[in-house]
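User: I would like to learn how to read the main features of a fold from its coordinates. Could we go through them one at a time?

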Amino acid sequence: CNAQAQDSAWVLGRWELHFDPDGAKKDWLEFLPNGDAYNIWLDGERIPGFYLVTADSVKAVFTFHEKDMIMTFHFDTDKQFLKIVTSKSGNPSIYKKINSLKLR
């Protein structure tokens, strides 16, 4: 297991929308070890994408109706929350990790 994979292992698993200033419906983010990501909606629809962990953020691209949605999530120092600023209010929506995936 290389150092880069270890550095980003904290993001693996499922994150739930914990707070949204605009009242968005609950959804989930799922980050897999192979670089795939999913945005999972309340109705169960899974929007596919991929992600990259950088020094200060997790960048993800989800493809929905043939359009790419580029999202940048900033994490806190403890890596307990992912925050993304919504275009409506300028206030951050917060995702909280609900389960982890372990690297073998």
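User: Which residues have the most contacts inside the largest nonpolar core?

Analyst: This is a predicted model, in which local features need pLDDT of at least 70 and side-chain atom pairs count only at pLDDT 80 or more, while totals for chains, interfaces and linings use all residues. Residues are numbered from 1 along each chain as its sequence is written, and side-chain values use heavy atoms, without hydrogens and water. In soluble globular proteins, nonpolar side chains tend to be buried together. A nonpolar core is a set of buried Ala, Val, Leu, Ile, Met, Phe, Trp, Tyr and Cys residues joined through side-chain atoms within 4.5 Å, buried meaning under 20% relative accessible area with a 1.4 Å probe, protein chains only. Here the largest core has 19 residues, and Phe31, Tyr51, Val58 and Leu82 have the most contacts inside it. At least two core residues come from each of strands E1 (13-19), E2 (27-31), E4, E5, E6 (67-75) and E7 (81-85).

User: What does valine 58 touch, beyond residues up to four places away in sequence?

Analyst: With contact taken as heavy atoms within 4.5 Å, the partners of valine 58 include Trp10, Phe31, Tyr51, Met71 and Leu82. Valine 58, in E5, also stands opposite valine 53.

User: In what order do the strands close into a barrel?

Analyst: Strands are DSSP runs (E, at least two residues), numbered from the N terminus, and two of them pair if DSSP finds at least two bridges between them. In this model eight strands close in the order E1-E2-E3-E4-E5-E6-E7-E8, with antiparallel pairing.

Technical notes:
Helix = DSSP H or I, 4+ residues; strand = E, 2+ residues; numbered from the N terminus. Buried < 20%, exposed > 50% of the residue type's maximum accessible area, 1.4 Å probe, protein only.
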